[in-house]
Amino acid sequence: MSDYPENTEGTQAITATLSAYLAELEHCLRDEKWELLSDVLDRRQGYFENLFDRAEGLDSAWLNAMIKQVLLEDNAMVTRITLQKDRVEQERLTLMRSRQAVKAYL
């Protein structure tokens, strides 16, 4: 059972659900909780699958706008993750160089 409302209340409930997922994803990124991020993305994927299975009664223009917004948010998250990955890799390289310098000194 999902922590978020089902698609029975229309676009307002869907928007609230997606906002809740976005907040949870932002929390995972901020705190670098990668396993939890994966779990939240899996749950959101399940929500989307359920939503699109029953999207027949939704306004197609609203649905398209919502999809575009989610894609923009996801693109921003991918950019943030890439920047964090690059930062961590740079820190790793710096640590390796420091260890080599210490070994050379000893």
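A residue counts as partly exposed when its relative accessible area lies between the limits for buried, under 20%, and exposed, over 50%. In this predicted model, Phe-52 has 37% relative accessibility and therefore counts as partly exposed, whereas Phe-48, with a relative accessible area of 11%, is buried.

These two residues belong to the aromatic part of the picture, where the count comes to 3 aromatic pairs. The rings of Phe-48 and Phe-52 have centres 5.9 Å apart and planes at 15 degrees, so the pair is stacked. Both residues sit in helix α2 (residues 34-53), and because they are 4 residues apart there, about one helical turn separates them. Together with Tyr-21 and Tyr-47, Phe-48 and Phe-52 form one aromatic cluster.

The model has 7 salt bridges, among them one between Glu-24 and Arg-43, whose closest N and O atoms are 2.5 Å apart. This pair links distant parts of the chain, with Glu-24 in helix α1 (residues 11-31) and Arg-43 in helix α2, 19 residues apart. Another salt bridge joins Asp-74 and Arg-44 at 2.7 Å, N to O, and it connects helix α3, which holds Asp-74, with helix α2, which holds Arg-44. Arg-44 is buried, at a relative accessible area of 10%, while Arg-43 is partly exposed at 30%.

On the surface, finally, Val-102, Tyr-105 and Leu-106 form a nonpolar patch with about 440 Å² of accessible area together. Leu-106 lies in the segment after α3 (60-105), and its 80% relative accessibility makes Leu-106 count as exposed.

Technical notes:
Residues numbered from 1 in each chain as written. Predicted model: local features only at pLDDT ≥ 70, side-chain atom pairs only at ≥ 80, totals over all residues. Heavy atoms only, no water. Phe/Tyr/Trp six-rings, centres within 6.5 Å; stacked < 30°, edge-to-face > 60°. Helix = DSSP H or I, 4+ residues; strand = E, 2+ residues; numbered from the N terminus. Buried < 20%, exposed > 50% of the residue type's maximum accessible area, 1.4 Å probe, protein only. Patch = residues over 30% accessible without salt bridge, like charges linked within 9 Å, V, L, I, M, F, W, Y side chains within 5 Å. Areas by Shrake-Rupley, 256 points an atom, 1.4 Å probe, with all protein chains shown as cover. Salt bridge = Lys/Arg side-chain N within 4 Å of Asp/Glu carboxyl O.
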